[in-house]
Amino acid sequence: MNQDDKSDAWKKGYAARSKVLGEAYVEKAFADADDLTLDLQNYLTEHAWGASWARPGLDFKTRSMLNLAMITALNRPHELEVHLRGALRNGVTRAEIKEILLHTAVYCGAPAALDSFRIARKVFAEQDAA
């Protein structure tokens with residue numbers, strides 16, 4: 001991907017996104033983008049990843065832990081699965097993930113926590129099989 005015409009925030013975001021989600025995941029997201037979704041991929045890379053994840057102040061592990069709780073609260077299972085993999089890549093342990101998801105049961109409700117535990121079980125099983 002040619003990054004020459006991209007902003008510094010986009011380049012930092014691409015690096016952060018690749019580190020957290022894996023370069024193959026990010027490259028596929030851009031390869032799969034079309035006229036409808038390419039602008040969204042660029043927006044997410046520059047703003048979510050470049051202007052937020054790449055900021056100093058919180059390390060990637062902490063940001064991942066926050067994401068797991070927020071995405072559980074928002075009930076976004078696809079994004080939770082993606083960010084569970086990223087959290088593990090960022091050093092969040094399975095025990096920490098369990099505690100985060102238990103904590104979400106109190107503030108987000110049992111149904112949201114149950115869904116998140118199901119997704120975590122799936123991601124852990126995939127990693128164990130790899």
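Biologist: Leaving aside its neighbours within four places in sequence, which residues is Ala120 in contact with?

Modeller: Ala120 touches Leu84, Ile97 and Leu101 once those sequence neighbours are set aside. Please keep in mind that this is a predicted model.

Biologist: Which residues have the most contacts inside the largest nonpolar core?

Modeller: They are Leu68, Leu80, Leu84, Ile97 and Ala120, in a core of 14 residues. Helices α4, α5, α6 and α7 each supply at least two residues of this core. There is also a second, separate core of 7 residues, with Ala16, Val20, Leu21 and Trp53 among them. As background, nonpolar side chains in soluble globular proteins tend to be buried together.

Biologist: Why is Thr104 called buried?

Modeller: The cut-off for buried is under 20% relative accessible area. Thr104 has 4%, so Thr104 counts as buried. Thr104 sits in helix α6, residues 94–108, and beyond its close sequence neighbours it is in contact with Ala69, Thr72, Gly109 and Ala113.

Biologist: And what makes Leu66 partly exposed?

Modeller: Partly exposed lies between the two limits, under 20% for buried and over 50% for exposed. The relative accessible area of Leu66 is 42%, so Leu66 falls in between. This residue lies in helix α4, and together with Leu58 and Met70 it makes a nonpolar surface patch of about 260 Å².

Biologist: Let's turn to charges. Why is the pair Lys61 and Glu96 called a salt bridge?

Modeller: The rule asks for a side-chain nitrogen of Lys or Arg within 4 Å of a carboxyl oxygen of Asp or Glu. Here the N to O distance is 3.2 Å, so the pair meets the rule. Lys61 is in helix α4 and Glu96 in helix α6, 35 residues apart, and the pair links distant parts of the chain. At 27%, Lys61 counts as partly exposed, and Glu96 does too, at 25%.

Biologist: How many salt bridges does that rule give?

Modeller: The count comes to 7 salt bridges. One of them joins Lys122 and Glu81, at 3.0 Å from N to O. Lys122 lies in helix α7 (residues 110–129) and Glu81 in helix α5, so this pair ties together parts that are 41 residues apart in sequence.

Biologist: Are Lys122 and Glu81 buried or partly exposed?

Modeller: Lys122 has 40% relative accessibility and so counts as partly exposed. Glu81 has 16%, so Glu81 counts as buried. Both belong to a network of salt bridges that links Glu81, Arg85, Lys122 and Glu126.

Biologist: Last one: where does helix α3 bend?

Modeller: Helix α3, residues 38–53, bends by about 25 degrees at Leu44. That angle is taken between axes fitted to the seven residues ending there and the seven starting there.

Biologist: And which residues of α3 are buried?

Modeller: Gln41, Asn42, Thr45, Trp49, Gly50 and Trp53 are the buried ones. Their cover includes α1 (8–21), α2 (23–32), α4 (60–74) and α5 (77–89).

Methods: Residues numbered from 1 in each chain as written. Predicted model: local features only at pLDDT ≥ 70, side-chain atom pairs only at ≥ 80, totals over all residues. Heavy atoms only, no water. Helix = DSSP H or I, 4+ residues; strand = E, 2+ residues; numbered from the N terminus. Buried < 20%, exposed > 50% of the residue type's maximum accessible area, 1.4 Å probe, protein only. Contact = heavy atoms within 4.5 Å. Patch = residues over 30% accessible without salt bridge, like charges linked within 9 Å, V, L, I, M, F, W, Y side chains within 5 Å. Areas by Shrake-Rupley, 256 points an atom, 1.4 Å probe, with all protein chains shown as cover. Core = buried A, V, L, I, M, F, W, Y, C linked by side-chain atoms within 4.5 Å.
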